[in-house]
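Dear colleague,

Please find the structure below, together with a short account of the findings. I would be grateful if you could read the two side by side.

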Amino acid sequence: QVQLVESGGGLVQPGGSLSLSCAASGRVFRLSTMAWYRQTPGKQRELVAAITRGGSTNYADSVKGRFTISRDNAKNTVYLQMNSLKPEDTAVYYCNAEGVAATGLRTDYWGQGTQVTVSS
């Protein structure tokens with residue numbers, strides 16, 4: 001079993017920055033794509049950014065140029081640097097990782113979520 005633990009959320013003023021991190025622990029054989037999603041009340045969870053094991057990235061249009069996703073494969077950790085934050089970025093942010101077992105079995109894992117609030 002793999003556990004994902006997020007940290008770094010909080011309250012920030014518009015235009016400010018926050019950095020999120022998510023560390024995987026447990027029976028981690030190999031993590032494939034890792035990603036950040038976010039969700040606000042009454043809305044579906046949406047993809048914010050994703051990164052492959054090789055470092056290829058993709059972003060939601062709403063965060064391009066402001067957010068940067070990165071990862072450290074040796075530490076099984078993914079990061080999200082968020083700059084120029086806007087009130088509409090307010091949401092619970094969830095870490096996601098695809099684990100690949102030695103058998104090749106793929107499993108989706110989720111973190112518990114961390115609140116990001118952008119407000120003056």
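Which residues does Leu-80 touch, not counting those up to four places away in sequence? This is a predicted model, in which local features need pLDDT of at least 70 and side-chain atom pairs count only at pLDDT 80 or more, while totals for chains, interfaces and linings use all residues. Residues are numbered from 1 along each chain as its sequence is written, and side-chain values use heavy atoms, with hydrogens and water left out.

Leu-80 is in contact (heavy atoms within 4.5 Å) with Leu-18, Ser-19, Leu-20, Trp-36, Val-48, Ala-49, Phe-67, Thr-68, Ile-69 and Tyr-93. Leu-80 also belongs to the largest nonpolar core, which has 28 residues. Such a core is a set of buried Ala, Val, Leu, Ile, Met, Phe, Trp, Tyr and Cys residues joined through side-chain atoms within 4.5 Å; buried means under 20% relative accessible area, exposed over 50%, and partly exposed in between (1.4 Å probe, protein chains only). Together with Trp-36, Met-82 and Tyr-93, Leu-80 touches the most other members.

The model also holds five salt bridges, each a side-chain nitrogen of Lys or Arg within 4 Å of a carboxyl oxygen of Asp or Glu. In one of them, Glu-98 meets Arg-106 at 2.8 Å, N to O. Salt bridges with shared partners link Arg-38, Glu-46, Arg-66 and Asp-89 in one network. Within it, the closest N and O atoms of Arg-38 and Glu-46 are 2.7 Å apart; Arg-38 is buried at 6% relative accessible area, whereas Glu-46 is partly exposed at 36%.

Yours sincerely
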